[in-house]
Amino acid sequence: MADQLRIAVPNKGQLADPAAAMLREAGYRQRKDSRDLVMVDPENETEFFFLRPKDIAVYVGEGILQAGITGRDMLLDSGAPVEEALPLGFGGSTFRFAARGGAEMTVEDLKGKRVATSFEGLLDRYLADRGIDARVIHLDGAVESSIQLGVADAVADVVSTGTTLRNAGLELFGEPILTSEAVVIRPRGAEDDPKVEQLLRRLRGVLVARDYVMMDYDVHAEQLDDAVDLTPGMEGPTVSPLHREGWVAVRAMVPRAAAQRIMDDLWQLGARAILVTDIYACRL
Ligand SMILES: Nc1ncnc2c1ncn2[C@@H]1O[C@H](COP(=O)(O)OP(=O)(O)OP(=O)(O)O)[C@@H](O)[C@H]1O
Ligand SMILES: O=P(O)(O)OC[C@H]1O[C@H](OP(=O)(O)OP(=O)(O)O)[C@H](O)[C@@H]1O
Ligand SMILES: [Mg+2]
(Lines give C-alpha, C1' and ligand atoms only; values in the text may rest on other atoms or scores of the structure.)
(Ligands and ions follow the chains in the order given, each with its own letter.)
Protein backbone atom coordinates (compact mmCIF):
# COMPACT_ATOMS: atom_id res chain seq x y z
CA MET A 1 0.00 0.00 0.00
CA ALA A 2 1.37 3.36 -1.02
CA ASP A 3 0.35 5.33 2.05
CA GLN A 4 1.63 2.71 4.46
CA LEU A 5 4.07 4.02 7.07
CA ARG A 6 7.43 2.24 6.78
CA ILE A 7 9.52 2.16 9.94
CA ALA A 8 12.99 0.71 10.58
CA VAL A 9 13.58 -0.98 13.94
CA PRO A 10 16.71 -2.70 15.29
CA ASN A 11 16.69 -6.42 14.47
CA LYS A 12 19.09 -7.30 17.32
CA GLY A 13 21.44 -5.84 19.89
CA GLN A 14 20.77 -3.65 22.89
CA LEU A 15 17.90 -1.68 21.36
CA ALA A 16 15.86 -4.48 19.77
CA ASP A 17 13.82 -5.65 22.78
CA PRO A 18 13.16 -2.26 24.40
CA ALA A 19 12.19 -0.77 21.01
CA ALA A 20 9.72 -3.60 20.36
CA ALA A 21 8.30 -3.24 23.89
CA MET A 22 7.76 0.47 23.38
CA LEU A 23 6.09 0.04 20.00
CA ARG A 24 3.85 -2.64 21.46
CA GLU A 25 2.89 -0.26 24.27
CA ALA A 26 2.10 2.32 21.60
CA GLY A 27 -0.42 -0.08 20.10
CA TYR A 28 1.60 -1.50 17.21
CA ARG A 29 1.83 -5.16 16.46
CA GLN A 30 5.38 -6.58 16.73
CA ARG A 31 7.03 -9.67 15.28
CA LYS A 32 6.84 -12.97 17.18
CA ASP A 33 9.88 -14.56 15.58
CA SER A 34 13.18 -12.70 15.98
CA ARG A 35 14.25 -13.95 12.52
CA ASP A 36 11.44 -12.11 10.74
CA LEU A 37 12.83 -9.27 8.63
CA VAL A 38 9.55 -7.53 7.81
CA MET A 39 6.24 -7.33 9.59
CA VAL A 40 3.01 -5.73 8.42
CA ASP A 41 0.59 -4.24 10.91
CA PRO A 42 -2.50 -3.75 8.72
CA GLU A 43 -4.60 -2.23 11.50
CA ASN A 44 -2.17 0.66 11.82
CA GLU A 45 -1.21 0.71 8.13
CA THR A 46 2.39 0.32 9.18
CA GLU A 47 5.21 -1.89 7.94
CA PHE A 48 8.19 -2.63 10.19
CA PHE A 49 11.60 -3.46 8.74
CA PHE A 50 14.01 -5.16 11.12
CA LEU A 51 17.50 -3.95 10.26
CA ARG A 52 20.95 -3.69 11.81
CA PRO A 53 20.87 -0.64 14.08
CA LYS A 54 23.87 0.87 12.30
CA ASP A 55 22.16 0.65 8.91
CA ILE A 56 18.91 2.28 9.99
CA ALA A 57 20.05 5.88 9.46
CA VAL A 58 21.15 4.94 5.94
CA TYR A 59 17.73 3.60 4.96
CA VAL A 60 15.92 6.56 6.50
CA GLY A 61 18.41 9.03 5.01
CA GLU A 62 17.76 7.63 1.54
CA GLY A 63 14.08 8.32 2.07
CA ILE A 64 13.24 4.62 1.62
CA LEU A 65 11.72 4.44 5.09
CA GLN A 66 9.91 7.37 6.73
CA ALA A 67 11.20 6.84 10.27
CA GLY A 68 13.45 4.59 12.31
CA ILE A 69 14.63 3.78 15.81
CA THR A 70 18.38 3.73 16.37
CA GLY A 71 21.01 5.13 18.75
CA ARG A 72 22.00 8.80 18.61
CA ASP A 73 25.63 7.64 18.31
CA MET A 74 24.74 5.58 15.24
CA LEU A 75 22.75 8.43 13.71
CA LEU A 76 25.68 10.84 14.04
CA ASP A 77 28.24 8.25 12.99
CA SER A 78 26.40 7.54 9.75
CA GLY A 79 26.57 11.11 8.48
CA ALA A 80 23.25 10.33 6.74
CA PRO A 81 20.81 13.21 6.11
CA VAL A 82 18.51 12.31 9.01
CA GLU A 83 17.40 14.18 12.09
CA GLU A 84 16.50 13.20 15.63
CA ALA A 85 12.75 13.51 16.15
CA LEU A 86 12.31 12.09 19.67
CA PRO A 87 14.64 10.71 22.38
CA LEU A 88 13.18 7.48 23.79
CA GLY A 89 14.82 7.16 27.22
CA PHE A 90 16.41 3.69 26.78
CA GLY A 91 19.68 2.39 25.31
CA GLY A 92 21.60 5.02 27.24
CA SER A 93 25.37 5.03 26.77
CA THR A 94 28.36 7.32 26.42
CA PHE A 95 30.99 7.21 23.72
CA ARG A 96 34.39 7.48 25.37
CA PHE A 97 38.13 7.08 25.05
CA ALA A 98 39.93 4.41 27.04
CA ALA A 99 43.49 3.13 27.28
CA ARG A 100 45.46 0.59 29.28
CA GLY A 101 44.98 1.08 33.04
CA GLY A 102 47.68 3.35 34.49
CA ALA A 103 48.64 4.79 31.09
CA GLU A 104 47.26 8.21 32.16
CA MET A 105 46.63 9.17 28.57
CA THR A 106 45.06 12.48 27.52
CA VAL A 107 43.25 13.33 24.30
CA GLU A 108 46.28 15.40 23.19
CA ASP A 109 48.47 12.30 23.61
CA LEU A 110 46.51 10.60 20.82
CA LYS A 111 48.60 12.47 18.22
CA GLY A 112 50.41 9.90 16.13
CA LYS A 113 48.77 6.99 18.02
CA ARG A 114 46.40 4.26 16.85
CA VAL A 115 42.78 4.52 18.05
CA ALA A 116 40.42 1.60 17.43
CA THR A 117 36.68 2.11 17.11
CA SER A 118 33.56 0.86 15.36
CA PHE A 119 32.32 4.47 15.13
CA GLU A 120 34.77 5.86 12.63
CA GLY A 121 32.55 8.73 11.54
CA LEU A 122 32.16 10.02 15.10
CA LEU A 123 35.82 9.60 15.94
CA ASP A 124 37.16 11.14 12.70
CA ARG A 125 35.03 14.22 13.23
CA TYR A 126 36.00 14.55 16.89
CA LEU A 127 39.73 14.31 16.13
CA ALA A 128 39.51 16.62 13.10
CA ASP A 129 37.64 19.28 15.15
CA ARG A 130 40.55 19.29 17.60
CA GLY A 131 43.30 19.04 15.03
CA ILE A 132 44.51 15.72 16.41
CA ASP A 133 46.23 13.61 13.79
CA ALA A 134 45.79 10.00 14.94
CA ARG A 135 45.44 6.75 13.00
CA VAL A 136 41.88 5.42 13.25
CA ILE A 137 41.60 1.64 13.12
CA HIS A 138 38.15 0.43 12.17
CA LEU A 139 36.85 -2.67 14.00
CA ASP A 140 33.33 -4.04 13.92
CA GLY A 141 32.96 -4.94 17.62
CA ALA A 142 34.69 -6.17 20.77
CA VAL A 143 36.92 -3.12 20.35
CA GLU A 144 38.11 -3.40 23.96
CA SER A 145 40.38 -6.34 23.06
CA SER A 146 42.35 -4.37 20.47
CA ILE A 147 44.78 -2.82 22.95
CA GLN A 148 45.75 -6.10 24.59
CA LEU A 149 46.15 -7.66 21.17
CA GLY A 150 48.47 -4.87 20.08
CA VAL A 151 46.28 -3.47 17.32
CA ALA A 152 45.69 -0.09 18.98
CA ASP A 153 47.03 2.24 21.70
CA ALA A 154 43.59 3.55 22.68
CA VAL A 155 39.93 2.87 21.90
CA ALA A 156 36.86 5.02 21.43
CA ASP A 157 33.88 2.89 22.36
CA VAL A 158 30.37 2.67 23.74
CA VAL A 159 30.32 2.53 27.53
CA SER A 160 27.27 1.74 29.60
CA THR A 161 28.12 0.23 32.99
CA GLY A 162 31.87 0.19 32.26
CA THR A 163 32.09 -3.54 33.00
CA THR A 164 33.47 -4.51 29.59
CA LEU A 165 36.23 -1.91 29.85
CA ARG A 166 37.16 -2.93 33.38
CA ASN A 167 37.29 -6.58 32.37
CA ALA A 168 39.71 -5.67 29.59
CA GLY A 169 41.92 -3.77 32.07
CA LEU A 170 41.17 -0.43 30.44
CA GLU A 171 40.65 3.01 31.96
CA LEU A 172 38.60 5.94 30.66
CA PHE A 173 40.26 9.22 29.77
CA GLY A 174 39.08 12.56 28.41
CA GLU A 175 35.57 13.97 28.50
CA PRO A 176 32.73 11.90 26.99
CA ILE A 177 32.72 12.34 23.22
CA LEU A 178 28.96 11.89 23.11
CA THR A 179 26.01 10.95 25.29
CA SER A 180 23.62 8.65 23.48
CA GLU A 181 20.24 6.98 23.85
CA ALA A 182 17.70 5.42 21.51
CA VAL A 183 16.00 8.01 19.30
CA VAL A 184 13.39 8.18 16.57
CA ILE A 185 14.92 9.50 13.37
CA ARG A 186 13.36 10.84 10.19
CA PRO A 187 14.75 12.21 6.92
CA ARG A 188 16.26 15.65 7.46
CA GLY A 189 14.14 18.51 6.14
CA ALA A 190 11.30 16.21 5.05
CA GLU A 191 7.83 17.70 4.99
CA ASP A 192 5.75 16.85 8.03
CA ASP A 193 4.33 13.41 7.42
CA PRO A 194 1.00 12.93 9.27
CA LYS A 195 1.72 9.25 9.79
CA VAL A 196 5.14 9.95 11.32
CA GLU A 197 3.55 12.67 13.49
CA GLN A 198 1.03 10.09 14.69
CA LEU A 199 3.82 7.62 15.52
CA LEU A 200 5.61 10.35 17.50
CA ARG A 201 2.40 11.29 19.37
CA ARG A 202 1.90 7.65 20.32
CA LEU A 203 5.49 7.27 21.51
CA ARG A 204 5.32 10.52 23.48
CA GLY A 205 2.19 9.10 25.11
CA VAL A 206 4.12 5.98 26.12
CA LEU A 207 6.94 8.08 27.58
CA VAL A 208 4.48 10.08 29.66
CA ALA A 209 2.61 6.96 30.79
CA ARG A 210 5.95 5.48 31.90
CA ASP A 211 7.17 8.60 33.71
CA TYR A 212 3.97 9.86 35.32
CA VAL A 213 1.19 8.51 37.53
CA MET A 214 -2.25 9.91 38.28
CA MET A 215 -2.76 11.13 41.84
CA ASP A 216 -6.19 11.68 43.44
CA TYR A 217 -6.81 13.00 46.92
CA ASP A 218 -9.26 14.86 49.12
CA VAL A 219 -8.20 17.98 50.97
CA HIS A 220 -9.81 20.76 53.01
CA ALA A 221 -10.32 23.86 50.85
CA GLU A 222 -8.12 25.84 53.23
CA GLN A 223 -5.14 23.66 52.34
CA LEU A 224 -5.92 23.58 48.63
CA ASP A 225 -3.31 26.15 47.56
CA ASP A 226 -0.52 24.38 49.44
CA ALA A 227 -1.64 21.03 48.06
CA VAL A 228 -1.73 22.35 44.50
CA ASP A 229 1.83 23.66 44.95
CA LEU A 230 2.82 20.02 45.56
CA THR A 231 0.78 18.69 42.63
CA PRO A 232 0.67 21.40 39.96
CA GLY A 233 -0.11 18.84 37.25
CA MET A 234 0.58 19.54 33.59
CA GLU A 235 -1.82 22.41 32.97
CA GLY A 236 -3.24 22.77 36.48
CA PRO A 237 -4.97 20.04 38.50
CA THR A 238 -8.67 19.22 38.28
CA VAL A 239 -10.44 20.36 41.45
CA SER A 240 -13.98 19.05 42.03
CA PRO A 241 -16.45 19.63 44.83
CA LEU A 242 -16.69 16.86 47.39
CA HIS A 243 -19.94 15.90 49.13
CA ARG A 244 -18.39 16.99 52.40
CA GLU A 245 -18.56 20.56 53.72
CA GLY A 246 -15.35 22.51 53.09
CA TRP A 247 -13.51 19.69 51.23
CA VAL A 248 -12.50 19.28 47.60
CA ALA A 249 -11.18 16.41 45.47
CA VAL A 250 -8.01 16.99 43.47
CA ARG A 251 -6.63 15.04 40.51
CA ALA A 252 -3.23 15.69 38.94
CA MET A 253 -0.44 13.89 37.10
CA VAL A 254 2.78 13.66 39.11
CA PRO A 255 6.22 12.26 38.23
CA ARG A 256 6.28 8.58 39.13
CA ALA A 257 9.65 8.92 40.88
CA ALA A 258 8.31 11.63 43.23
CA ALA A 259 4.96 9.99 44.00
CA GLN A 260 5.79 8.60 47.46
CA ARG A 261 7.38 11.85 48.66
CA ILE A 262 4.40 13.87 47.41
CA MET A 263 1.99 11.49 49.18
CA ASP A 264 3.90 11.99 52.45
CA ASP A 265 3.80 15.77 52.04
CA LEU A 266 0.10 15.77 51.17
CA TRP A 267 -0.65 13.62 54.19
CA GLN A 268 1.21 16.12 56.40
CA LEU A 269 -1.01 18.87 54.97
CA GLY A 270 -4.10 16.92 56.01
CA ALA A 271 -5.01 15.43 52.64
CA ARG A 272 -6.66 12.01 52.81
CA ALA A 273 -7.83 9.23 50.49
CA ILE A 274 -4.66 9.71 48.45
CA LEU A 275 -4.68 7.30 45.53
CA VAL A 276 -2.08 6.70 42.87
CA THR A 277 -2.92 4.91 39.63
CA ASP A 278 -0.96 4.04 36.51
CA ILE A 279 -1.68 5.90 33.31
CA TYR A 280 -2.38 3.29 30.65
CA ALA A 281 -2.03 5.61 27.67
CA CYS A 282 -2.35 9.30 26.90
CA ARG A 283 -2.15 12.12 24.37
CA LEU A 284 -1.29 15.42 26.00
N1 LIG B 1 25.66 -2.08 27.00
C2 LIG B 1 24.83 -1.18 26.48
N3 LIG B 1 23.86 -0.62 27.21
C4 LIG B 1 23.02 0.28 26.67
N5 LIG B 1 23.07 0.69 25.40
C6 LIG B 1 24.01 0.17 24.64
C7 LIG B 1 24.94 -0.78 25.14
N8 LIG B 1 25.75 -1.14 24.14
C9 LIG B 1 25.34 -0.44 23.07
N10 LIG B 1 24.31 0.36 23.38
C11 LIG B 1 23.61 1.28 22.48
O12 LIG B 1 22.73 0.53 21.69
C13 LIG B 1 22.78 0.95 20.35
C14 LIG B 1 22.96 -0.25 19.47
O15 LIG B 1 24.18 -0.87 19.82
P16 LIG B 1 24.37 -2.43 19.70
O17 LIG B 1 25.61 -2.76 20.38
O18 LIG B 1 23.13 -3.11 20.10
O19 LIG B 1 24.50 -2.57 18.12
P20 LIG B 1 25.50 -3.40 17.31
O21 LIG B 1 26.83 -3.33 17.95
O22 LIG B 1 25.36 -3.00 15.88
O23 LIG B 1 24.86 -4.78 17.43
P24 LIG B 1 25.57 -6.07 17.97
O25 LIG B 1 26.26 -5.66 19.24
O26 LIG B 1 24.41 -7.00 18.18
O27 LIG B 1 26.49 -6.46 16.88
C28 LIG B 1 23.85 2.02 20.27
O29 LIG B 1 23.21 3.27 20.18
C30 LIG B 1 24.60 1.93 21.56
O31 LIG B 1 24.98 3.20 22.08
O1 LIG C 1 29.83 -0.65 29.64
P2 LIG C 1 29.14 -1.98 29.46
O3 LIG C 1 27.88 -2.10 30.27
O4 LIG C 1 30.06 -3.12 29.68
O5 LIG C 1 28.61 -2.06 27.95
C6 LIG C 1 29.39 -1.63 26.88
C7 LIG C 1 29.59 -2.72 25.89
O8 LIG C 1 28.33 -3.08 25.30
C9 LIG C 1 28.44 -3.02 23.89
O10 LIG C 1 28.92 -4.21 23.37
P11 LIG C 1 28.03 -5.30 22.63
O12 LIG C 1 27.57 -6.29 23.62
O13 LIG C 1 27.00 -4.62 21.82
O14 LIG C 1 29.11 -5.98 21.70
P15 LIG C 1 29.85 -5.39 20.39
O16 LIG C 1 31.13 -4.79 20.89
O17 LIG C 1 30.07 -6.59 19.55
O18 LIG C 1 28.94 -4.38 19.77
C19 LIG C 1 29.49 -1.95 23.68
O20 LIG C 1 30.08 -2.03 22.40
C21 LIG C 1 30.47 -2.21 24.79
O22 LIG C 1 31.40 -3.18 24.42
MG1 LIG D 1 27.27 -3.66 20.03
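Predicted model: local features only at pLDDT ≥ 70, side-chain atom pairs only at ≥ 80, totals over all residues.
Me: Which other domain does UniProt list, at residues 209–279?
Reply: The unreviewed entry gives "domain: Histidine biosynthesis HisG C-terminal" for residues 209–279. In the model, the end C-alpha atoms of this span lie 5 Å apart. The span is 30% helix and 41% strand.

Me: How is the protein divided into domains?
Reply: Domain 1 is 5–91 + 181–191, domain 2 is 93–179 and domain 3 is 212–278. The C-alpha centres of domain 2 and domain 3 lie 50 Å apart.

Me: Why is Ala281 called exposed?
Reply: Count the other C-beta atoms within 10 Å: there are 12. A residue with 12 or fewer is exposed, so Ala281 is exposed. Ala281 is found in the segment after β15.

Me: What makes Gly205 and Ala209 contacts of Ala281?
Reply: Two residues are in contact if their C-beta atoms lie within 7 Å. Gly205 and Ala209 are in contact with Ala281, leaving aside its neighbours within four places in sequence.

Me: What makes β1 and β3 a pair of strands?
Reply: A pair needs at least two bridges. Strand β1 (residues 5–10) and strand β3 (residues 46–51) are joined by 6 bridges, so they pair. They run parallel. In β3, Phe50 is the bridge partner of Val9.

Me: How do you know that β2 pairs with β3?
Reply: Use the cut-off of at least two bridges again. Strand β2 (residues 38–41) is joined to β3 by 4 bridges, so they pair. These strands run antiparallel. Val40 has Glu47 in β3 as its bridge partner. The hairpin of β2 and β3 has 4 residues between the strands, and there Glu45 takes a positive phi near 50°.

Me: Why is one side of β8 and of β10 left without a neighbour in the sheet?
Reply: The sheet is open, with 5 strands in the order β8-β7-β9-β6-β10 and mixed pairing. β8 (135–138) and β10 (170–180) stand at its edges. Each has a single partner strand, so one side of each has no neighbour in the sheet. The twist averages 25° from one strand to the next.

Me: How do you know that β7 and β9 pair?
Reply: 2 bridges join strand β7 (residues 114–117) to strand β9 (residues 154–159). The cut-off is at least two, so β7 and β9 pair. They run parallel. Val115 has Ala154 in β9 as its bridge partner.

Me: Which helix lies across β6, β7, β8, β9 and β10?
Reply: Helix α4 (residues 120–129) does, running at about 175° to β8.

Me: Why does the largest nonpolar core lie between domain 1 and domain 2?
Reply: This core has 57 residues, and Ala57, Val60, Val115 and Val155 touch the most other members. Helix α2 (residues 56–61) gives the largest share, 5 residues. Domain 1 and domain 2 both give residues to the core, so it lies between them. Apart from it lies another core, of 13 residues, including Val219 and Met253.

Me: Which residues are in contact with Val155, leaving aside its neighbours within four places in sequence?
Reply: Among them are Ala98, Val115, Thr117, Val143 and Ile147.

Conventions:
Residues numbered from 1 in each chain as written. Chains lettered and ligands numbered in written order. Core = buried A, V, L, I, M, F, W, Y, C linked by C-beta atoms within 7 Å. Buried ≥ 20, exposed ≤ 12 C-beta atoms within 10 Å, placed from the backbone. Domains from an automatic or database assignment. UniProt positions renumbered as here; feature names shortened; annotations may be inferred. Axes fitted to C-alpha atoms, helices over the stretch in contact; angles between N-to-C directions.
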